[in-house]
Amino acid sequence: MKIFTLLMSGLCVAAGGAAQASSVKHFTPTAMHHDSAKTVGKSGKQVKKSVMMRAEDAGEAIWCPVTQKISSWERNGWALDQVYTTSYTSAGQPDVDLITEGKSVIRETNTYDVNGMLSKKLSEVSENGGVDFVNSRLQERIYDEVLTSVIVDHKDFLWIGSQWEVSGNNYIRKITRDADGNITDVEIAPMFLGEYDPTQRLHIVYGADGKAETLTQSMLEYDYSSKEYVWAVSHTISDIVWERTNGQIVDIADIYSADNRILSAKMVSKTDDVDIKAEYDDSQRSYAVTMTGTVQNYEGTTWVQEFTDIDDNGSHKFVETFIMEEDGEQIMERYTDMAIYDSYGYATLMETVFTDGEVEEVMAREIGEITYDETYGYPLVLITKGMEFDEDTDEPYMANLMKIEFSDYVDALAGIEDIAADGIASEPEYFNIQGVRVPQHSLTPGIYVRRAGSETVKVVIR
């Protein structure tokens, strides 16, 4: 086995630890989240990720782990929390997940649309080890016909009593297009007391050349003087000069993407009044945006955003630099947001670093240490560590957070016959028709696939 461990020796931490920085920060960065929702849970820890992408050294195979054991660090050892048993579609997407925690088992069944997007997830719960299941939760999604990854209808239900009841996370995104197919309005309406109530709107005005010239975003806010909800403009982007645009803008932040890239504009918000200049370097897969004017209520400020797409795995670097004068002195604050992923989508580094030109401070850091299979290159063990502080010295150190052990890999393209194992099993192994391994003592009447050594046959258990 080859082990990949990310060394952090080249990075600095301010004396006294990141919790006691000597510098006074004026600005709030906009990218402290690392764009990592796909791997970071509510606790901030990296979480189980079912889909295994095709690795370069895996040829035409899409290797997917049937079993994933997830453990958390407790005092001086790893404690097993959950075991995932997963079957996959031929595209390597999770078909059915069985999530075992003690005697409790959650079964999640996924359905995908013609574009490969998740359209339905049914969750069922068993409290007797997976023998009997009852409904628990149902999520359904509909996507825009043009922008096939943009959700326009999201429904979330909980099974209460003997029927589905609407949960709290329901919303619709209404997209309006003109006769040329350009988006003119986007309205987001969460469900409130059984009705969809709009809370956010984007209005786009197009010029004679057919390109958007003004973007106006409004938010529904509560007016304490009138004691009523009113629409208030939060951002206006005007005087836009485009490098390219396709008229498919659903968010005010979608102005530096591959299809919609501005060269210049003016942006006004409650805290900002700036002129924008943007430059792109496709050879380096990067762009830089310079904004000058009033930034976060500080006048005479230069705000520079630099984004670099590091690789095809989603790894990226985002740097925000703020420069202003205060009491005759120039102040500089820089926030660097870094996220590095391997080819399977697991984070090996996630961190935010602050510097004022003199002091460099690591504000947050999480690393992933991954052991890969020597033959096929897929992950075998992932250990995540996060930055914490010693109670006595207040010095930072990397503490164990979570461990994922991957096993029983299958090639989604070939089916369960090509399961990769460390050795030849001496006892027969049984799999249900979804490709999930079933202990022999847990077999119930039905159709199974039995594998013994190199022989694989379909059997009927009566």
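The legends below describe several close-up views of one predicted protein model.

Residues are numbered from 1 along each chain as its sequence is written. Because this is a predicted model, local features need pLDDT of at least 70 and side-chain atom pairs count only at pLDDT 80 or more, while totals for chains, interfaces and linings use all residues, and side-chain values use heavy atoms, with hydrogens and water left out.

View 1. Strands (E, at least two residues) and helices (H or I, at least four residues) are DSSP runs, numbered from the N terminus. Of the 462 residues, 42% count as buried, where buried means under 20% relative accessible area, exposed means over 50%, and partly exposed lies in between (1.4 Å probe, protein chains only). The protein exposes about 24,800 Å², of which carbon and sulfur atoms supply 49%; such accessible areas come from the Shrake-Rupley method with a 1.4 Å probe, and for residues only the protein chains shown count as cover. Among the contacts (heavy atoms within 4.5 Å) with a separation of 6 or more, 38% are between residues 24 or more positions apart.

View 2. The average pLDDT, which is the predictor's confidence in each residue from 0 to 100, is 84 for the protein, and 78% of the residues score at least 70.

**View 3. Three tyrosines, Y222, Y224 and Y229, form a nonpolar patch on the surface.** Together they have about 430 Å² of accessible area. Y222 is found in strand β14 (residues 212-223) and is partly exposed, because its relative accessible area is 35%.

**View 4. D153 is a buried residue whose side chain joins that of K155 in a polar contact.** D153 lies in strand β8 (residues 151-160) and counts as buried because its relative accessibility is 14%. The contact to K155 is 2.7 Å; a polar contact is a pair of N or O atoms within 3.5 Å, and within protein one must be able to donate a hydrogen and the other to accept it, while residues adjacent in sequence count only if both atoms are side-chain atoms. Leaving out residues up to four places away in sequence, D153 touches E140, R141, I142, Y171, I172 and Y196.

**View 5. D239 and D408 each have a positive phi.** Most residues other than glycine have a negative phi. For D239, in strand β15 (residues 228-244), phi is near 55°, and the residue is exposed because its relative accessible area is 56%. For D408, in strand β25 (residues 396-411), phi is about 55°, but this residue counts as buried because its relative accessibility is 17%.

Notes: Patches are made of residues with over 30% relative accessible area and no salt bridge: like charges are joined within 9 Å, nonpolar side chains (Val, Leu, Ile, Met, Phe, Trp, Tyr) within 5 Å. A salt bridge is a side-chain nitrogen of Lys or Arg within 4 Å of a carboxyl oxygen of Asp or Glu.
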